Amino acid sequence: MEISFELNEVEQIAQEIIKKVKSKTLLFYGEMGVGKTTLIKSIVKTLGCLDEVNSPTFSIVNEYKTENEGVFHFDLYRIKNIEEAYDFGIEDYLNSNNWKLIEWPEIIEDLLVDDYDKIVLKLDAKNKRILTINK
């Protein structure tokens with residue numbers, strides 16, 4: 001599935017993603033500045049979180065609550081190796097039944113089971129976002 005959108009449409013795109021994905025583990029790929037964090041913030045809100053959603057760039061993971069479940073938002077950009085992921089307890093997070101929204105997931109891909117969706121974001125020549133969801 002491929003969707004073209006502008007940033008002012010991100011809330012509608014978040015709703016579409018929630019409807020289309022088959023997993024609660026979403027891996028976000030894309031260059032710096034393409035809008036991964038902005039999209040994730042909208043997804044967290046769409047899931048029903050009333051808290052202020054912030055990027056976990058320095059904390060690595062932020063946890064949010066909805067009425068029925070939790071949401072973990074990871075930013076693994078600063079992780080240098082898989083050992084650092086083990087050090088902050090990545091396995092416990094991955095084994096939970098909560099939503100897991102992971103930016104820069106490349107370093108932990110070997111830890112993932114088959115139950116995840118890949119979301120790739122790119123910019124086109126007109127500054128529109130091109131989003132692809134892959135299993």
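Leu27 stands opposite Ile102 in strand 5, and this pair belongs to a stretch where strand 2 (25-29) and strand 5 run parallel, joined by 4 bridges. The model described here is a predicted one, and the positions discussed below should be read with that in mind.

On its other pairing, strand 5 is joined to strand 4 by 5 bridges, and these two strands also run parallel; here Phe72 stands opposite Lys100. The strand pairings described in this report are set out below.

| Strands | Sense | Bridges | Residues opposite each other |
|---|---|---|---|
| strand 2 and strand 5 | parallel | 4 bridges | Leu27 and Ile102 |
| strand 4 and strand 5 | parallel | 5 bridges | Phe72 and Lys100 |
| strand 1 and strand 7 | antiparallel | 4 bridges | Phe5 and Arg129 |

These pairings form part of an open sheet of 7 strands, whose order is 1-7-6-2-5-4-3 and whose pairing is mixed. Strand 1 (2-5) and strand 3 (61-65) are the edge strands, each of them pairing on one side only, and from one strand to the next the twist averages 20°. Helix 2 (residues 36-46) packs on this sheet, where it touches strands 2, 3, 4, 5, 6 and 7, and its direction makes about 170° with that of strand 5.

How many of the residues of strand 5 are buried? The count is 5 of the 5, so strand 5 is largely enclosed by the rest of the structure. In a regular strand the side chains alternate between the two faces of the sheet. In strand 5, Trp99, Leu101 and Glu103 point one way, while Lys100 and Ile102 point the other way.

Leu101 is also one of the residues with the most contacts inside the largest nonpolar core, which has 25 residues, and Ile17, Leu39 and Leu131 share that standing. Among the elements that give two or more residues to this core are helix 1 (10-20), helix 2 and strand 5. A second, separate core has 17 residues, including Leu27, Phe74, Ile90 and Tyr116. Beyond residues up to four places away in sequence, Leu101 touches several others, among them Leu26, Phe28, Ile40, Val71 and Phe74.

The side chain of Ser96 reaches the backbone oxygen of Tyr93 at 2.9 Å.

Definitions and conventions. Residues are numbered from 1 along each chain as its sequence is written. This is a predicted model: local features need pLDDT of at least 70, side-chain atom pairs count only at pLDDT 80 or more; totals for chains, interfaces and linings use all residues. Side-chain values use heavy atoms; hydrogens and water are left out. Two strands pair if DSSP finds at least two bridges between them. Axes are lines fitted to C-alpha atoms, for helices over the stretch in contact, and angles run from 0 to 180 degrees between N-to-C directions. Contact means heavy atoms within 4.5 Å. A polar contact is a pair of N or O atoms within 3.5 Å; within protein, one must be able to donate a hydrogen and the other to accept it, and residues adjacent in sequence count only if both atoms are side-chain atoms. A nonpolar core is a set of buried Ala, Val, Leu, Ile, Met, Phe, Trp, Tyr and Cys residues joined through side-chain atoms within 4.5 Å. Buried means under 20% relative accessible area, exposed over 50%, partly exposed in between (1.4 Å probe, protein chains only).
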